[in-house]
Amino acid sequence: MKDISASGSLMPAFATDIYKTELAGTSADSLVTRLDTGCRRMAVDDREGQQWSKRNGYPGYTSYPSVPDPADVDDAFAELKPVLAYQAALFAAQAQLDLGGKKLRVTRLWINLLEPNGAQPSHIHTHSVLSGTLYTSVPENSGKLRFEDPRLGMMMHAPARLPDARLYRQTFIPVIPQRGTLLLWESWLRQEITTNLATGPSVSLSFNLNLEN
Ligand SMILES: [Fe+2]
């Protein structure tokens, strides 16, 4: 029995896992280079996507509404899809997700070219299980990917966290990517891209995965 004034202990609960890896090494580096070239080429060639981006105030170019599957257009994207599915399986295993014997497959893959001063507001990825982003060009001071505590809407009277509180206790967690950084998270997790303060565009591929037999 402890003394009444003795300190108790904390039991961390309800973890939110964010998976991060770097696609490095010779073959990965070559793939990232080809993906970056393919993204930039599509940003130039895809008139429909350019027009959609302009009409909807997207600060750059996205292929999301205009190109159902970039893998049909460029082999580099086709090569990437199984890599993403493999990494997603590693994430699911580490996060101890019960996939019910099903496999994670990439169901959407799209290009984001964010121009200087561009940002993307907070959002979730609907109708999917896991989501992620792979960065192919990250000029210095281009935006961070900032994740938001999913419980934020319930924190009406919760005190702010101390500035030096442990990272997993912070309300917002910014990740500064590099070329080749691959991030994965559960699709309900809200994220935003902070303003690109670089002089050139940042280029990335975002994707959703779902469970299939
Ligand atoms: Fe996103």
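**Briefing: a predicted chain with an iron site**

At 53% relative accessibility, asparagine 141 counts as exposed, where exposed means over 50% relative accessible area, buried under 20%, and partly exposed in between (1.4 Å probe, protein chains only). This is a predicted model, in which local features need pLDDT of at least 70 and side-chain atom pairs count only at pLDDT 80 or more, while totals for chains, interfaces and linings use all residues. Residues are numbered from 1 along each chain as its sequence is written, and side-chain values use heavy atoms, with hydrogens and water left out.

**Overall build**

- The protein chain has three helices and ten strands; these are DSSP runs numbered from the N terminus, with helices (H or I) of at least four residues and strands (E) of at least two.
- Along the sequence, the elements of the protein chain follow the pattern β-α-α-β-α-β-β-β-β-β-β-β-β.
- A box of roughly 70 × 40 × 35 Å, taken along the principal axes, is filled by the C-alpha atoms of the protein chain.
- Of the contacts in the protein chain with a separation of 6 or more, 86% are between residues 24 or more positions apart; contact means heavy atoms within 4.5 Å.

**Iron site**

- The iron ion has as its protein donors His123 (NE2), His125 (NE2) and Gln191 (OE1), at 2.1 to 2.7 Å from it.
- Donors are N, O and S atoms within 2.8 Å of the metal (3.2 Å for Na, K and Ca), and sites may look incomplete because water is not among the atoms.
- The spacing of the donor residues in sequence is H-x1-H-x65-Q.
- Distant parts of the chain are linked here, with histidine 123 in strand β4 (residues 120-123) and glutamine 191 in strand β9 (residues 191-193), 68 residues apart.
- Histidine 123 counts as buried because its relative accessibility is 17%, and glutamine 191 counts as buried at 3%.

**Nonpolar cores**

- The largest nonpolar core holds 34 residues, of which Leu35, Phe77, Leu80, Leu109, Leu205, Phe207 and Leu209 touch the most other members.
- At least two residues of this core come from each of α1 (26-45), α3 (75-94), β3 (103-114), β5 (130-137), β8 (181-186) and β10 (202-212).
- Another core, of ten residues, lies apart from it and includes Tyr58, Phe147, Trp185 and Ile193.
- A nonpolar core is a set of buried Ala, Val, Leu, Ile, Met, Phe, Trp, Tyr and Cys residues joined through side-chain atoms within 4.5 Å.

**Surface and charge**

- Buried residues are 42% of the 213 residues in the protein chain.
- The protein chain exposes about 12,600 Å², and carbon and sulfur atoms supply 54% of it; accessible areas come from the Shrake-Rupley method with a 1.4 Å probe, and for residues only the protein chains shown count as cover.
- There are 21 positive and 22 negative side chains, and the centres of the two sets are 3 Å apart.
- Lys and Arg count as positive and Asp and Glu as negative, without His and the chain ends; each charge is placed at NZ of Lys, CZ of Arg, CG of Asp or CD of Glu.

**Individual residues**

- Asparagine 141 is in the loop between β5 and β6 (145-148), and has a positive phi of about 70° although it is not a glycine.
- Phenylalanine 14 counts as exposed because its relative accessibility is 76%.
- Asparagine 213 lies in the segment after β10 and counts as exposed at 80% relative accessibility.
- The C-alpha atoms of asparagine 213 and tyrosine 64 are separated by 25 Å, and the two residues are 149 residues apart along the chain.
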